[in-house]
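Dear colleague,

Please find below the structure for your records.

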Amino acid sequence: MKLALLRRYVVLAETLHFPRAAKELGIPLASLYTSLDKLEEEVGHTLVNREGTPRLTNVGELFLVEAQATVAAAPPPAPKTVAPAGGKAKASKGKGRAPIVKGQPKPYKKRQGR
């Protein structure tokens with residue numbers, strides 16, 4: 001069982017509000033629903049009753065105690081590394097245009113007909 005799934009479940013069980021829990025975790029709401037589905041599939045029982053106001057089932061309350069103990073005993077999550085500011089260097093696009101000499105047509109360009 002993944003620790004990330006347990007952390008998400010503990011936050012959801014403490015708030016009992018899907019959007020608030022997703023915002024607190026910093027993940028999309030759909031990801032929270034998917035995580036809960038995976039966890040319920042692993043456990044084999046429904047943990048949260050989603051009809052109307054979300055509330056924990058009896059199995060969910062028992063599982064919450066175990067999940068909180070597991071999350072408390074685990075090391076804190078590693079901080080996310082942020083990429084340095086700036087963008088990619090632009091790729092060279094050849095030698096560029098030849099300098100324009102006044103009065104002469106550009107090299108390898110045909111005159112436009114009228």
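Please bear in mind that the model is a predicted one. Rolling a probe the size of a water molecule over the atoms shows where empty space is left.

The largest cavity has a volume of about 40 Å³. Which residues line the largest cavity? They are L5, R8, Y9, L12, L32, S35, L36 and L39. Helices α1 and α3 each contribute at least two residues to this lining.

Turning to the overall fold, the protein chain contains four helices and two strands, and their order along the sequence is α-α-α-β-β-α. Of the 114 residues in the protein chain, 22% are buried. Among the contacts with a separation of 6 or more, 49% are between residues 24 or more positions apart. The protein chain exposes about 9500 Å², and 56% of that area comes from carbon and sulfur atoms.

Helix α4 deserves a separate word. It covers residues 58–73, which is 16 residues. From its first C-alpha to its last, α4 reaches 24 Å, close to the 22 Å expected at 1.5 Å a residue. Within α4, the residues G60, F63, L64 and A67 are buried. What do the buried residues of α4 pack against? Their partners are α1 (3–15), α3 (29–43) and β2 (55–56). Helices α1 and α3 are also the ones named above for the lining of the largest cavity.

Yours sincerely,
A colleague

Methods:
Residues numbered from 1 in each chain as written. Predicted model: local features only at pLDDT ≥ 70, side-chain atom pairs only at ≥ 80, totals over all residues. Heavy atoms only, no water. Expected span 1.5 Å × (residues − 1). Buried < 20%, exposed > 50% of the residue type's maximum accessible area, 1.4 Å probe, protein only. Contact = heavy atoms within 4.5 Å. 1 Å grid on protein atoms, 1.4 Å probe; cavity = no way out; pocket = protein on both sides within 12 Å on 5 of 7 lines; lining within 4 Å. Points joined across faces, edges and corners; volume = space filled by probe spheres on them. Areas by Shrake-Rupley, 256 points an atom, 1.4 Å probe, with all protein chains shown as cover.
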